[in-house]
Amino acid sequence: MKQKQTMGLVVAAVIFVVAGVISVLTNALSSKMTAKEENATKSLNGIMDQLYGSDDLALADMPTSGDFIAVVPIKGTIQESSGMSGFQGSVNDYNHDLLMNYVDKLIKADNNKGIILRLDTPGGAVYQADELYLKLMEYKEKTGRPIWAYMESTCCSGGVYIASSADEQYANRNTTTGSIGVIISSYDLSGLYEKLGIKEANIVSAKNKDMGSAGKPMTAEQKAIYQSVVDEAYEQFVGIVADGRNMATEDVKKLADGRIYTASQALDNGLIDGIKTEEEFNDYVEEQSGISKFYEPKSSMGYLSQIFGSVNNVKPKSESEILVDLIDRIGSGVPMYYARPYGE
């Protein structure tokens, strides 16, 4: 009986050891396979980023050592990000999601010592302009680092709004700025519809649900509703500029009737701190910060996006694309910190 018990214990021990070895080998093989799968996924993701673009691609070369000043480019119409956006070489250079991500990374980067806002924009959507402004103010609050703004060819409306986050604002002598105000665009095409025999039919839950529709004249009540939205956004805009320029609200309102200003006019009215060439401005920031290394992200667009973007830029527009452009210019009934570019 004792011999059988001993043999049973030996067999059990052997089974236990074998099971343990199998488990270890299985885990090791599984780990290797998982690692290979992860590496393959990373490689595939890297290839896809190169082809189609991504935020990680655009910010991949951000310095991890050595102090630097970050250049944040704000170019084109300030609006929601689209699939064809990027920092450079795209249909519309403004990429809101990428800019927000960029500033978040700068907040965490201890070797970043400040931000330069390079602005060449007619402005854009209230929502995105305010969101980026608040993100830049968060950067200053959390890091205590300075922000400088440099206005290039155009820095109007929403561009002025975002520039108000800067500690100092400068412009080129040929800059067009100002246009402090709010606009909601809508066309009344009802007369044209009538001539063409087109009737717009909307099923609505209440009388103002379809206000702003191009096929119907706007009522006095609807105009008043839109005006109340514009007035509220305007007060917010004026307050932001007043805080940024250390001016009284009433003094800003005297300047904020929607008109544009030359750089010299903006300087005389206290809207900027000085007029400099780009080279003079860069030298000034280097002198103030003691840092000569400036970093600007590369394009977030991949090879295919750049190719297709170039094709879209040169190919003739179809009738439907022309209509879409017209709708974009007409507006969708949302408030905008926007100065219409000349010729629109």
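Start by selecting T175, which is buried at 2% relative accessibility (buried means under 20% relative accessible area, exposed over 50%, partly exposed in between, with a 1.4 Å probe and protein chains only). T175 sits in the loop between β5 (168-171) and β6 (176-178); helices (H or I, at least four residues) and strands (E, at least two) are DSSP runs, numbered from the N terminus. Leaving out residues up to four places away in sequence, T175 touches M151, E152, S153, C155, Y261, T262 and A263, where contact means heavy atoms within 4.5 Å.

This is a predicted model in which local features need pLDDT of at least 70 and side-chain atom pairs count only at pLDDT 80 or more, while totals for chains, interfaces and linings use all residues. Residues are numbered from 1 along each chain as its sequence is written, and side-chain values use heavy atoms, with hydrogens and water left out.

Next, colour by pLDDT, the predictor's confidence in each residue, from 0 to 100. The protein chain averages 81, and 69% of the residues score at least 70. Over residues 44-53 the pLDDT is below 50, and this stretch has 19 contacts in the model beyond near neighbours in sequence.

From T175, move to its contact C155. C155 is buried, with a relative accessible area of 0%. Select C156 as well: this residue is buried at 2%. The sulfur of C156 is 7.0 Å from the closest cysteine sulfur, in C155, too far for a bond. A disulfide is a pair of cysteine sulfur atoms within 2.5 Å, and by this rule the count is zero.

Now show the aromatic side chains. The structure holds seven aromatic pairs; rings of Phe, Tyr and Trp (its six-membered ring) pair if their centres lie within 6.5 Å, and planes under 30 degrees apart count as stacked, over 60 as edge-to-face and the rest as tilted. Y102 and Y295 are edge-to-face, at 6.3 Å centre to centre with 80 degrees between the planes. Y102 is in helix α3 (residues 96-108) and Y295 in strand β9 (residues 294-295), 193 residues apart. Both are buried.

Y170 and F281 form a tilted pair, with 6.0 Å between centres and 55 degrees between planes. Y170 belongs to strand β5 and F281 to helix α10 (residues 278-289).

Finish at K276, which lies over the face of Y284, 4.9 Å from the ring centre; a charge sits over a ring if NZ of Lys or CZ of Arg is within 6 Å of the ring centre and within 35 degrees of the ring normal.
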